[in-house]
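Dear colleague,

Please find below the structure that I am handing over to you. My notes on it follow.

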Amino acid sequence: MSRAPVVRAVAALAVIATSLFIALTMSPRLGLDLRGGTQLVLETRDSPTVKADAAATDRTLEVLRRRADGLGVADAPLARSGERRIIVELPGVQDPTKAAEVIGKTAQLTFHPVLGVPEPAAGTKPGKGEQILPDESGGSLHIGPAALTGEGVSGAEAGIDAQQGSGWFVTVDFRDSGRAEWAELTGQAACNQAGDPKRRVAIVLDSKVIVSPQVNEDVACNVGLPGGSTQITGTFTSEEAADLALLIKGGSLPVPVEIVEQRTVGPTLGAAAITASAQAAVIGIALTALFIVVTYRLVGLIAAFALACYALISYAALVGLGATLTLPGLAGFVLAIGMAVDANVLVFERAREEYAAEPGFRGALEKGFRNAWSAVADSNITTLLAAGLLFFLASGPVRGFGVTLSIGVIASLITAMVITRVLAQWAVSLQAVSSRPRLTGLSDIGRVRTWLNARKPDLMGRRAVYFLVTCVLVAASVAGVAVRGLDFGVEFTGGRLVEYSTSTPMTADAARELVSEAGFPNAVVQSSGEDISVRAGQIAPADVVRIESALESGGAQVTKERDELVGPSLGDELRRNALIALGVALAAQLAYLAFRFRWTFGLAAVLALVADATIVVGAFAWLGKPVDGVFLAAMLTVIGYSVNDKVVVFDRVRELWGARPKAPFAEVTNIAILQTVPRTVNTGLGALFILAALAVLGGDSLTDFAVALLIGIVVGTLSSALVAGPLAIELERRRPTGPPRPKRKGPAPARQGSGAVV
């Protein structure tokens with residue numbers, strides 16, 4: 001007796017037990033778009049003296065970490081992205097203005113001697129290293145080169161003199177080297193008469209004079225202040241003093257930084273997204289499980305249990321790897337549950353064929369798993385290609401979709417090829433099951449396959465009609481892009497997107513009028529129920545406050561739910577990366593299909609994919625829906641999912657053609673498509689249940705994601721049979737070589753299709 005079933009059973013139990021332990025003992029790491037907070041993407045810039053390379057960026061990151069700690073955000077996640085970018089996550093911080101001011105300040109603290117007060121009439125010109133800056137009272141100071149920098153400062157703390165009522169101040173502590181420099185600076189200033197501007201010392205932060213106090217009269221010339229600390233006094237509020245102390249204590253940034261992206265999400269929005277996605281997952285899983293049980297009966301029930309195991313394994317993998325679960329990632333997790341049906345359907349359809357050729361449930365299942373492996377592997381590899389491109393070329397939360405989709409693909413392979421296999425082979429070996437063949441769901445080919453066997457429709461005989469319909473749809477899509485244009489989201493155009501919830505519904509026209517009166521006539525304003533979204537250019541945080549006040553003047557209570565800012569350079573980069581991702585995705589699929597099959601099959605599949613993608617883009621243009629990072633995730637998923645269907649079709653074409661080398665290629669292709677139609681329909685329906693639930697319950701962003709996938713899956717399923725197949729026929733007519741060699745000697749029996757009750 002083979003030990004393989006025992007090994008699989010032990011492996012399945014180990015995986016399930018480990019996943020259950022992780023799920024019960026560890027909590028998921030939620031992204032800021034699910035738990036609320038602010039994310040900043042900073043890009044370092046070259047300074048006159050320091051190049052913004054990876055080393056300078058790492059030093060900058062450490063300074064930012066100290067500042068984040070000072071904001072009260074313990075263990076704030078900070079990470080370098082590439083050579084020049086730093087991603088800062090501030091959970092719970094809902095005021096992006098303050099966060100950006102404190103985090104992003106260069107904080108170049110310097111201490112300067114005052115050379116005098118410039119006279120406008122005299123036309124004073126500063127020499128080398130000298131500057132003329134306004135002082136704290138609005139006058140001008142001519143200051144010399146820095147005598148002391150922030151490197152000589154060891155710490156700072158805000159305080160208040162409650163007894164004398166002099167207000168808030170900041171105590172600055174010096175290092176050993178800084179003490180000597182401070183004493184020398186104040187000693188030189190003390191050599192001037194009281195009241196002389198030269199007796200002052202200018203303390204400058206980021207080219208702005210914070211305070212320029214005069215050295216006390218009791219300080220001796222060339223002696224200075226020998227102490228290890230000094231006080232910066234001024235008209236500070238408690239918050240200003242605390243922020244100044246934080247910047248001084250945190251240290252100056254080695255190089256300047258620029259905020260290229262900012263995302264702020266309220267906690268209620270993330271909680272609502274989690275609830276909606278959980279509801280969509282429950283409804284989608286229930287409908288998918290019901291469908292697969294009705295279609296495949298006992299083995300379908302086993303596959304439904306495997307789906308539950310799949311969800312557990314995927315969740316445990318996300319938690320165990322410490323992956324951050326984002327809103328698109330949550331959608332990917334839910335969607336992958338529907339896609340996990342794909343491998344089960346492939347195996348069961350193949351097992352039905354094997355049983356029809358040679359009755360015997362254990363043998364049919366064993367051959368089904370073995371012979372379906374090629375198509376299962378190819379389908380999942382093409383999906384992994386799309387997920388990998390999302391991770392490397394997308395940004396922000398959309399990268400989380402690539403992570404969850406990749407984990408989902410691997411988990412689906414484990415559940416389908418190990419857990420389902422162990423349970424199904426055990427079930428069909430029972431006497432109560434083997435004596436009732438119809439109970440298994442493998443003993444008949446189904447009504448659809450019976451009808452197709454009886455009618456044998458010549459689908460490939462109408463190739464011209466399919467090409468004409470496809471050309472019309474593609475032309476209509478291109479016309480939609482030309483006439484309506486694409487509504488690029490703020491990720492691709494740059495600018496600011498702010499979403500508000502209102503206590504009472506407000507029409508888009510009313511909100512647009514209020515925003516226009518606030519001074520933003522070109523802003524794009526849209527409404528959905530009680531939500532208002534405003535998209536404008538590179539507006540400042542103060543402008544966001546003005547827009548919020550304007551909306552509140554309409555009589556509704558307004559709450560800011562989301563605030564996203566993308567710099568123009570980053571928008572150009574993301575848009576360029578999106579085009580690169582789509583191009584590389586198509587090229588990668590072409591290369592893989594050409595390697596696994598032949599170039600004619602690969603080219604036919606990719607041309608059909610181009611038509612699929614064009615139709616989805618055109619539909620979004622006609623519907624006026626936004627094209628953003630979430631749409632990019634949907635498009636790459638459509639490409640991966642659509643390739644799955646085409647892989648199965650061409651895998652069957654290759655097998656039948658190798659077994660029937662004398663048959664016309666068009667006839668072989670027609671038979672292969674008829675045999676795989678039930679499989680493509682069943683797997684498509686499994687995903688459509690999930691997507692329909694997401695479209696209804698998922699909120700605006702997830703609804704658009706679901707709509708793109710719904711259109712893409714329907715179009716991709718049809719194009720696999722009616723576009724890719726006919727294209728392969730036309731390309732093979734121009735190919736001089738013959739069919740592929742059969743994998744085994746002797747004539748292979750023709751498969752009886754992949755029937756299913758639909």
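A contact here means that heavy atoms lie within 4.5 Å. On that basis, 78% of the contacts in the protein with a separation of 6 or more join residues 24 or more positions apart. Please note that this is a predicted model.

Confidence

The mean pLDDT of the protein is 80, and 89% of its residues reach 70 or more. Helix H15 (residues 463–483) has the highest confidence, at a mean of 94, whereas helix H4 (residues 96–104) has the lowest, at 66. Over residues 745–758 the pLDDT stays under 50, although the model has 51 contacts for this stretch beyond four places in sequence. Where pLDDT is low, the predicted coordinates should not be read in detail.

Overall make-up

The protein has 23 helices and 21 strands. Of its 758 residues, 52% are buried. The accessible surface comes to about 32,400 Å², and carbon and sulfur atoms account for 61% of this area.

Nonpolar cores

The largest nonpolar core holds 131 residues, and those touching the most other members are Phe-631, Leu-636, Phe-650, Val-653 and Phe-705. Helix H21 (residues 629–659) gives the most to this core, namely 18 residues. Apart from this core lies another of 25 residues, including Ala-156, Ile-203, Val-215 and Ile-232. As for Phe-705, its contacts, leaving aside neighbours within four places in sequence, are Ala-331, Leu-335, Phe-401, Val-630, Ala-633 and Ala-634.

A residue in strand E19

Val-534 lies in strand E19 (residues 531–536). Is Val-534 buried or exposed? Its relative accessibility is 2%, and the cut-off for buried is under 20%, so Val-534 counts as buried. Not counting residues up to four places away in sequence, Val-534 touches Arg-496, Leu-497, Val-498, Tyr-500, Val-515, Ala-523, Val-524, Val-525 and Ile-547. The C-alpha atoms of Val-534 and Ala-511 are separated by 9.1 Å, the two residues being 23 apart along the chain.

A nonpolar surface patch

Val-465, Val-469 and Leu-473 make a nonpolar surface patch of about 240 Å². Leu-473 lies in helix H15, the helix with the highest mean confidence. With a relative accessible area of 42%, Leu-473 is partly exposed, because this value falls between the 20% limit for buried and the 50% limit for exposed.

With kind regards

Definitions and conventions. Residues are numbered from 1 along each chain as its sequence is written. This is a predicted model: local features need pLDDT of at least 70, side-chain atom pairs count only at pLDDT 80 or more; totals for chains, interfaces and linings use all residues. Side-chain values use heavy atoms; hydrogens and water are left out. pLDDT is the predictor's confidence in each residue, from 0 to 100. Helices (H or I, at least four residues) and strands (E, at least two) are DSSP runs, numbered from the N terminus. Patches are made of residues with over 30% relative accessible area and no salt bridge: like charges are joined within 9 Å, nonpolar side chains (Val, Leu, Ile, Met, Phe, Trp, Tyr) within 5 Å. Accessible areas come from the Shrake-Rupley method with a 1.4 Å probe; for residues, only the protein chains shown count as cover. A salt bridge is a side-chain nitrogen of Lys or Arg within 4 Å of a carboxyl oxygen of Asp or Glu. Buried means under 20% relative accessible area, exposed over 50%, partly exposed in between (1.4 Å probe, protein chains only). A nonpolar core is a set of buried Ala, Val, Leu, Ile, Met, Phe, Trp, Tyr and Cys residues joined through side-chain atoms within 4.5 Å.
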